[in-house]
Amino acid sequence: MKLFSFLGLMGILAFSTVNAQSVETVKYEALHEKITTYKDQVVVVNFWATWCAPCVEEIPAFMEINEKYKDNPNFKMLLVSLDRPKVLDKVKKFITDYHINTEVSFTG
């Protein structure tokens, strides 16, 4: 199945994977490459930010979809935060508060 994304519009942003242990900085090209490795899968990529009210409002719906398909090997969801690195702690708290249980990347 083809992956349709608008990642090309994102330019040469840097991304970091958010987790409790470390933050890995990954360039745009590496993120794009990572997404394209999900062969024969439906990949949902959502760009969001903690300061974006409509983005915050739709997060629970994304989590419902992720929960519904989490055991489907043909499904992958990735949330990409467009927040600034200086608010990494705020993003981590948001992830906890909103019970985000999918992979989250962070702009760096």
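In helix α1 (residues 28-36) the buried residues are Tyr 28, Leu 31 and Ile 35, where buried means under 20% relative accessible area, exposed over 50% and partly exposed in between (1.4 Å probe, protein chains only). These residues lie on the same side of α1, because they cover an arc of only 65° around the axis; the arc is that of the directions from the helix axis to the C-beta atoms. An α-helix has 3.6 residues a turn, so residues three or four places apart point the same way.

The model is predicted: local features need pLDDT of at least 70 and side-chain atom pairs count only at pLDDT 80 or more, while totals for chains, interfaces and linings use all residues. Residues are numbered from 1 along each chain as its sequence is written, and side-chain values use heavy atoms, with hydrogens and water left out.

The protein contains three helices and five strands, assigned as DSSP runs (helices H or I, at least four residues; strands E, at least two) and numbered from the N terminus. Their order from the N terminus is β-β-α-β-α-β-α-β. Of the 108 residues in the protein, 42% are buried.

Strand β4 (residues 75-81) is largely enclosed by the rest of the structure, because seven of its seven residues are buried. Phe 75, Met 77, Leu 79 and Ser 81 are buried on one side, and Lys 76, Leu 78 and Val 80 on the other. In a regular strand the side chains alternate between the two faces of the sheet. Strand β3 (residues 42-48) runs parallel to β4 and is joined to it by seven bridges; two strands pair if DSSP finds at least two bridges between them. From β3 the chain passes through helix α2 (residues 53-69) to β4 in a right-handed β-α-β crossover, that is, with the strands pointing away from the viewer, the path from the first strand over the helix to the second runs clockwise.

Thr 102 is located in the loop between α3 (88-97) and β5 (103-107). Thr 102 is buried, with a relative accessible area of 16%. Beyond residues up to four places away in sequence, Thr 102 touches Met 63, Asn 66, Met 77, Leu 78 and Leu 79, a contact being heavy atoms within 4.5 Å. A polar atom of the Thr 102 side chain lies 2.7 Å from the backbone oxygen of Met 77.

One disulfide is counted, defined as a pair of cysteine sulfur atoms within 2.5 Å. The disulfide is formed by Cys 52 and Cys 55, with the sulfur atoms 2.3 Å apart. Both Cys 52 and Cys 55 are buried.

Notes: Polar contact = N/O pair within 3.5 Å; in protein donor to acceptor, adjacent residues only side chain to side chain.
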